[in-house]
Amino acid sequence: MDENQFQNNENTEDEDFGKTQEMDSIQLPKLSDSANHGITPRDEFTELNSANDMSKTLLMDSVAGELPYDEEYPPAENPVRKRKKKHKKKRTNHTRTMGQIFLGVLLSAGALALGVILSIQVISGIRDITGLAKPNKLMEFEIDENMGINEIVDHLHDAGVIEMPVLMKTYMKLTKQDTGFLNGIYTLASNMSYNDLIEVLTTEKHYTETVTVMIPEGLTAAEVGKILEENYVCRAVDFEKYYKNKLNKFDFEEDIKPDPNRLNMLEGYIFPDTYEFYVIDDLKKRPNFDTTKYAADVAETMFNNFDSKITRSMRLRMAELGLTLDDTVKLASLIQWEGYNEENMAMVSSVFHNRLNDPETYPQLQSDTTDTYIDAVIKPATNSSNSEKMRAITNAYDTYECKGLPAGAICNPGIEAINAALYPADTEYYYFVASESGEFFWARTLEGHEENIAYVEQLDAQQEE
């Protein structure tokens, strides 16, 4: 190497050494130190390029390409792009998919079937309520006194009148039409609506056919009931309900005193007359048909008729004689059975009045007619369970045992017998006897009466021959 060349090399080394010293004076912090003072490399870089220290900024610009920060922290305008995660491809479970499809089809079919069923039920319910599109079939339907609302509806279903009893019961409750059903036999049609059925079954049935019934004088209440039943006006057993006890509906009942030995409280007040009553057609078809309501109408008609026949003058006459209305009826019932005509009735009445006015001498009326009533009415009503009670009743009606008038009337007298009781003939007789031909014989004493009895027996024997 020549001298010049050596000198150039020496200068170059001096120049490089100077640069090295100058770089050492900058004393850049190491990367490891940045973690210790809490400043990130990017923050350090910013601090070094601060506007407050231009020399550092220039120096950093000159060595930017040599610093390791460029590799680890690229410029902000070129951010690192995040790599997208790869999604795994889903695998299809064909078995579960087919099960879901089958379940969906099954549910859809079930919902469709349920809808069809509900639709059918709704249509059937509407048809049953309205009666539309139902066959027109007539039938007889009976409601008796033992049937409640549930039994009535069930019987309507059994008879084919309705198809859905539960629906009808619900309908009646919701519309508050589940009361007021009347006993009777009705003609119904299978295509009637619920409202039509309810109206028919809760409306009193009206009969149009009538019958004229003649009730003769002197019949017992039981005999009157039999005539009413024979004419299909009402049952005798239903009519009995309205004369066995007081009804407390009529003025004449005020004079009837309570008496446990009186068999029929209103016997004697069924006024004999000619009446026109409705014929209960249902009774023709069914002998056990309940006619209680119709019997009540009949009894009320007869009792009102009696009330209308008792005038004010008659009541004044009763007061003059010291008789009540009930006493007058009892006496008239005896006269009715003893006398055959108005004249005989007045004479018979005089005998009874004479005895009633002298109770010490003639305590008993001694009329055979009460024996007839006992045999015809009281004895048939006697049984082993009421024998003691009926014995007391028998004695209370037997005018050979009881004092004065019997416990009750023995028949239903007519107006002639009532007038005879109020206006007796003026006699002194205390006894009488009648032949089978209807001829009467009167006596003032027992001896005369016994003679009359012997004579009548001879007459009756002759007539039998």
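The legends below describe close-up views of a predicted model.

**View 1. The largest pocket and the residues around its centre.** In this predicted model, the largest pocket has a volume of about 450 Å³. Its lining is made up of 22 residues, and those closest to the centre are Glu338, Asp368, Phe432, Val433 and Ala434. Two or more lining residues come from each of the helices α15 (325–338), α16 (342–356) and α20 (446–464), and likewise from the strand β5 (431–434). The largest share belongs to β5, which contributes four residues to the lining. Sorted by class, the lining of the largest pocket comprises 14 nonpolar residues, together with four polar and four charged ones.

**View 2. The second largest pocket.** The space in the second largest pocket amounts to about 230 Å³. Thirteen residues line the second largest pocket, and Glu204, Tyr278, Ile280, Tyr294 and Asp297 are the ones that lie nearest its centre. Both β4 (274–278) and α13 (292–309) supply at least two residues of this lining, and α13 gives the most, with four residues. The class composition of the lining of the second largest pocket is seven nonpolar, two polar and four charged residues.

View 3. The structure holds 20 aromatic pairs, and the one shown here is formed by Phe352 and Phe432. A pair of aromatic rings is described by the distance of the centres and the angle of the planes. For Phe352 and Phe432 the ring centres are 6.1 Å apart and the planes stand at 75°, which is over the 60 degrees required, and the pair is therefore classed as edge-to-face.

View 4. Phe352 and Phe432 belong to one aromatic cluster, whose other members are Tyr340, Tyr429, Phe440 and Trp442.

View 5. Helix α19 spans residues 415–422, and its buried residues are Ala417, Ile418, Ala420, Ala421 and Leu422. An α-helix has 3.6 residues a turn, so residues three or four places apart point the same way. Among the elements that cover the buried residues of α19 are α13, α14 (312–321), α15 and α16. Of these covering elements, α15 and α16 also give residues to the lining of the largest pocket, while α13 contributes to that of the second largest pocket.

**View 6. Pro380 in the loop between two helices.** Pro380 is found in the loop that runs between α17 (369–378) and α18 (387–397). With a relative accessibility of 57%, Pro380 counts as exposed, because the cut-off for that class is over 50%. When residues up to four places away in sequence are not counted, Pro380 touches Ile374 and Asp375.

View 7. The structure holds zero disulfides.

Conventions
Residues are numbered from 1 along each chain as its sequence is written. This is a predicted model: local features need pLDDT of at least 70, side-chain atom pairs count only at pLDDT 80 or more; totals for chains, interfaces and linings use all residues. Side-chain values use heavy atoms; hydrogens and water are left out. A disulfide is a pair of cysteine sulfur atoms within 2.5 Å. On a 1 Å grid over the protein atoms alone, a cavity is a set of points where a 1.4 Å probe fits but cannot get out, and a pocket is an open set with protein on both sides within 12 Å along at least five of seven lines; lining residues have an atom within 4 Å of a point. Grid points are joined across faces, edges and corners, and a volume is the space filled by probe spheres set on the points. Ala, Val, Leu, Ile, Met, Phe, Trp, Tyr, Cys and Pro count as nonpolar, Asp, Glu, Lys and Arg as charged, and the others, Gly among them, as polar. Buried means under 20% relative accessible area, exposed over 50%, partly exposed in between (1.4 Å probe, protein chains only). Contact means heavy atoms within 4.5 Å. Rings of Phe, Tyr and Trp (its six-membered ring) pair if their centres lie within 6.5 Å; planes under 30 degrees apart count as stacked, over 60 as edge-to-face and the rest as tilted.
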